[in-house]
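Subject: Structure handover

Hello,

I am passing a structure on to you, with notes on what turned up in it. Please keep it open while you read.

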Amino acid sequence: MAAVADPCMHFHRIHGTNVRLDESGTQASRVESFANGVCFSRDPLEPATIFLVEIEEKELGWCGHMRIGLTSLDPRKLEFVPEYSLPDLVNLGNSWVFAITRNHNKVATDEEDPNLASSPSFSPMEAYLQIGECKIPKDKLVGRSRPGRYSHILDELFKSNILPATARRSRVGVLYTINSAGVGDMHIVINGEDMGPCARGIPTNQPLYAVVDVFASTKSVRIIQVEYGFPSLQTLCRQVIQKHIINRLAIDWLKLPELLKDYCKYE
């Protein structure tokens, strides 16, 4: 019987020298210094499929934040992983990387006013974010606070998209769509908002890997798995449970398996 392909996203076993992956291959942490934190997706990305990470830990004292993007360089064929994604990896060619900053991440197109580039456009009334043929559930794109006394207040701040893009629990993703000319446009998504086509004209006749640089003040990131189409039974259970509680701390009082409790609290 043929093996079933794993639909989940993982980090590649090849990465910067200061990166450590957890056993699942979905969390990447920089264990020392501020550089050598370049990571790749284990598998090439399909068009209109997002590679989404959540910032789990920050480290004070460094200037700069995570970078994210795409590369057509096969990690297995690199002689060494560059110290930085910008400019080192980009200088190798066929790589497109975007630096995440506290503000002004949005790319203004020809039709847009650049003075409005940093204005949030998140609307909790919209269930999906549509980018070309890519339709992503917004509940996955927006982070949630860890359970605590003020969780319900903090979660509203996340939904309002008024926290800095570099804050803990921010979710940052990269994807590409194929335009009418047959080439790719790279989009960065931050907390449910499309930052626009950050790179255009990307050749799509070869595999494209996601790049995540766990750089400077960004200490650790975790991959968020995104479901497309109909939600799973587990997701539907989570939504029903969350709908009927006031504070996620109350989940601990429910007679549920611990794994399901964690899923309800943290996702």
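The notes below go from the whole chain to a sheet, then to the core, the aromatic rings and a hairpin.

First, the ground rules. This is a predicted model, in which local features need pLDDT of at least 70 and side-chain atom pairs count only at pLDDT 80 or more, while totals for chains, interfaces and linings use all residues. Residues are numbered from 1 along each chain as its sequence is written, and side-chain values use heavy atoms, with hydrogens and water left out.

The whole chain

The chain has 5 helices and 13 strands. Helices (H or I, at least four residues) and strands (E, at least two) are DSSP runs, numbered from the N terminus. Of the 267 residues in the chain, 50% are buried. Buried means under 20% relative accessible area, exposed means over 50%, and partly exposed lies in between, with a 1.4 Å probe and protein chains only. Among contacts with a separation of 6 or more, 69% are between residues 24 or more positions apart; contact means heavy atoms within 4.5 Å.

Strands of a sheet pair through backbone hydrogen bonds, either parallel or antiparallel. Here, two strands pair if DSSP finds at least two bridges between them.

Strand β12 (residues 209–213) is joined to β3 by 3 bridges. Across this pairing, V38 stands opposite D213, and C39 has V212 as its bridge partner. Strand β5 (residues 67–71) is joined to β12 by 5 bridges, also antiparallel. There, I68 stands opposite V212.

How enclosed is β12 by the rest of the structure? It is largely enclosed, because 5 of its 5 residues are buried. Y209, V211 and D213 point one way from the strand, and A210 and V212 point the other way.

The nonpolar core

A nonpolar core is a set of buried Ala, Val, Leu, Ile, Met, Phe, Trp, Tyr and Cys residues joined through side-chain atoms within 4.5 Å. The largest one has 31 residues, and F11, F51, I100, M186, I188 and V212 touch the most other members. Among the elements that give two or more residues to this core are β4 (51–58), β5, β6 and β12. Apart from this core lies another, of 12 residues, which includes L129 and V189.

V212 also has contacts beyond its neighbours within four places in sequence, including F11, G37, F51, V53, M66 and V221.

Aromatic rings

A pair of aromatic rings is described by the distance of the centres and the angle of the planes. Rings of Phe, Tyr and Trp (its six-membered ring) pair if their centres lie within 6.5 Å; planes under 30 degrees apart count as stacked, over 60 as edge-to-face and the rest as tilted. The whole structure holds 5 aromatic pairs.

The rings of F11 and F51 have centres 5.9 Å apart and planes at 70°, so this pair is edge-to-face. The two residues are 40 residues apart, with F11 in the segment before β1 (19–21) and F51 in strand β4. Both F11 and F51 are buried.

The rings of F34 and Y84 have centres 6.3 Å apart and planes at 35°, so this pair is tilted. F34 is in the loop between β2 (27–30) and β3, and Y84 is in the loop between β5 and α1 (85–91), 50 residues apart. At 28% relative accessibility, F34 is partly exposed. Ring pairs link F34, W62, Y84 and F215 into a cluster.

A charge sits over a ring if NZ of Lys or CZ of Arg is within 6 Å of the ring centre and within 35 degrees of the ring normal. R67 lies over the face of F215, 3.9 Å from the ring centre. K135 has its charged end over the ring of Y128, 4.8 Å from the centre.

Strand β7 (residues 128–131) and strand β8 (residues 134–137) are antiparallel and share 4 bridges. Q130 has K135 as its bridge partner in β8. The covered face of β7 holds L129 and I131, and the uncovered one holds Y128 and Q130. Between the strands are 2 residues, and G132 takes a positive phi near 60°.

Regards
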